[in-house]
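Take a look at the chain below. How is it put together, and where does it leave open space?

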Amino acid sequence: MASTVLSLRIDGELLDRLRQHAARRGMSVQDYVVGTLTRDDFDERFRASVDETERFYGAA
């Protein structure tokens, strides 16, 4: 998989909180943010799949 650079401008307080969250998990801020975005994307795709399945089979 190829990687691409994404540059963000974020508030200093948010960056401090991200650093704290990442440090608690022994991660870099970059790894923490990528992991969070990946989980969120998975959750969104999973919800869409569940919704589609319910539409197909009919919600109980």
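The text below goes from the overall fold to the helix contact and then to the pocket.

This is a predicted model. The chain holds two helices and zero strands. Its radius of gyration is 17 Å, whereas the globule rule gives 10 Å for 60 residues, so the chain is more spread out than a compact globule. Along the principal axes, the trace spans about 45 × 25 × 20 Å.

Now turn to the helices. Helix α1 covers residues 12–24, and helix α2 covers residues 29–57. Their axes come within 9 Å and cross at roughly 90°. Angles of 65 to 115 degrees count as roughly perpendicular, so α1 is roughly perpendicular to α2.

Which residues make the contact between α1 and α2? From α1 come L15, L18, R19, H21 and A22. From α2 come V29, Y32 and V33. By class, the residues of this contact are six nonpolar, one polar and one charged.

Next comes the open space. A probe the size of a water molecule, rolled over the atoms, shows where empty space is left. The largest pocket contains about 520 Å³ of space. Its lining consists of 16 residues. Nearest the centre of the pocket lie L6, Q30, V33, V34 and L37. V33 is also one of the α2 residues that meet α1.

What do the helices give to this pocket? Each of α1 and α2 supplies at least two lining residues. The most comes from α2, with five residues.

Terms used
Residues are numbered from 1 along each chain as its sequence is written. This is a predicted model: local features need pLDDT of at least 70, side-chain atom pairs count only at pLDDT 80 or more; totals for chains, interfaces and linings use all residues. Side-chain values use heavy atoms; hydrogens and water are left out. Axes are lines fitted to C-alpha atoms, for helices over the stretch in contact, and angles run from 0 to 180 degrees between N-to-C directions. Helices (H or I, at least four residues) and strands (E, at least two) are DSSP runs, numbered from the N terminus. Angles under 35 degrees count as roughly parallel, over 145 as roughly antiparallel, 65 to 115 as roughly perpendicular and the rest as oblique. Contact means heavy atoms within 4.5 Å. Ala, Val, Leu, Ile, Met, Phe, Trp, Tyr, Cys and Pro count as nonpolar, Asp, Glu, Lys and Arg as charged, and the others, Gly among them, as polar. On a 1 Å grid over the protein atoms alone, a cavity is a set of points where a 1.4 Å probe fits but cannot get out, and a pocket is an open set with protein on both sides within 12 Å along at least five of seven lines; lining residues have an atom within 4 Å of a point. Grid points are joined across faces, edges and corners, and a volume is the space filled by probe spheres set on the points. The radius of gyration is taken over C-alpha atoms; the globule rule is 2.2 Å times the number of residues to the power 0.38.
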